[in-house]
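This report goes through one protein model, part by part. Please keep the sequence and the structure in view while reading.

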Amino acid sequence: MAIPQVMQDRLSVPVVGAPLFIISNPDLVLAQCKAGIVGSFPSLNARPIEQLDEWLSQITGELESYAKANPDKKVAPFAVNQIVHKSNNRLQQDLELCVKYKVPIVITSLGAVPEVNQAIHSYGGIVIHDIINNRHANSAIRKGADGLIAVANGAGGHAGTLSPFALIQEIREWFDGPLLLSGSIANGGAVLAAQAMGADLAYIGSPFIATHEASASEEYKQGIVEGKGKDIVYTNLFTGIHGNYLRASIEKSGLDPDNLPESDPSKMNFSSGGNSSAKAWKDIWGCGQGIGAVNEVVGAAELVERLVTEYNQAKERLL
């Protein structure tokens, strides 16, 4: 197993909570970390940029205090997601704040840039890059990333099309470093299955949308609870990059999920509606195929507790 040193002996279950655009916030991140999984958020969720300074101060300070007050508990580190793409005009400022607060884990998306990795490495942080194919994985490691997130078929948001079995086995042919798997992982048994096929940690997003702490609308959360795998639509219309979205939100926006036009990838916009007037992620709800395992809106700590129980039960069944 290649669990990064910063996470070793600090996890109650081998899980990283995925950064959820406009949904993840300090309350969710803190609840995840205190429950023993890595909590994360996209830096762009903090608007204006001054709020990012406030969030990082709050999260670092509260986790430090909580860990000192609870020495017997597993308190996980947190992560910040940076969109490394030319359309993100805040990248340099956000990166400087990550350096200021020595963010332990940075998750990079939509581009692999050596200078970003070097900045995080300057204080001892690590960089994990999300990818959808083996070519992108090779590029990320060559440019200095410490680990990879294999975003397989069925993952929420910007997802790939490869089976997790295919993607993990191709990467493991040449890479023995930290490897996370994303794609329809919503219970503890799936976490163990991810490890069995070669991943070190599971990367879970959609179930945390349906938590009390998440900054999603109650309608969105209920859509996660009521939805199943069949209710997920894969399209590039809303951002220019293919991703998975909840069918009900597409229908609510007056569009036909079964007859969506293609978007122009050259006009990619990760934070708005691409070539559609309906905006991702505000109007069009990102979601993975694993939501059939989500049956109610709960607190983040309760969700982690369920994952721990299911994970341990799955291991016992294999003995």
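In which helix does arginine 306 lie? Arginine 306 belongs to helix α11, residues 300–318; helices (H or I, at least four residues) and strands (E, at least two) are DSSP runs, numbered from the N terminus.

## The model and its confidence

This is a predicted model, in which local features need pLDDT of at least 70 and side-chain atom pairs count only at pLDDT 80 or more, while totals for chains, interfaces and linings use all residues. Residues are numbered from 1 along each chain as its sequence is written, and side-chain values use heavy atoms, with hydrogens and water left out.

The pLDDT is the predictor's confidence in each residue, from 0 to 100. For the protein chain its mean is 94, and 95% of the residues reach 70 or more. Residues 270–275 have a pLDDT below 50. Beyond near neighbours in sequence, this stretch has 27 contacts in the model, where contact means heavy atoms within 4.5 Å.

## The sheet

The model has an open sheet of 8 strands with parallel pairing, in the order β1-β8-β7-β6-β5-β4-β3-β2. Because β1 (15–17) and β2 (39–42) stand at the edges with a single partner strand each, one side of each has no neighbour in the sheet. On average, neighbouring strands of this sheet are turned by 25° against each other, direction ignored; the axes are lines fitted to C-alpha atoms, and angles run from 0 to 180 degrees between N-to-C directions.

Two strands pair if DSSP finds at least two bridges between them. The parallel strands β6 (residues 147–151) and β7 (residues 179–182) are joined by 4 bridges. Alanine 150 has leucine 181 in β7 as its bridge partner.

## Asparagine 45

Asparagine 45 sits in the loop between β2 and α2 (49–69). With a relative accessible area of 12%, asparagine 45 is buried (buried means under 20%, exposed over 50%, partly exposed in between, with a 1.4 Å probe and protein chains only).

The side chain of asparagine 45 reaches the backbone nitrogen of isoleucine 22 at 2.7 Å. Residues touched by asparagine 45, not counting those up to four places away in sequence, include Leu20, Phe21, Gln51 and Trp55.

Arginine 306 counts as partly exposed, at 26% relative accessibility. Its C-alpha atom is separated by 7.5 Å from that of glycine 188, which is 118 residues apart along the chain. Leaving aside neighbours within four places in sequence, arginine 306 is in contact with Ala186, Asn187 and Ala293.

In helix α9 (residues 218–226), the buried residues are Tyr220, Lys221, Gly223, Ile224 and Val225. Their cover includes α8 (206–209) and β10 (243–246).

Definitions and conventions. Polar contact = N/O pair within 3.5 Å; in protein donor to acceptor, adjacent residues only side chain to side chain.
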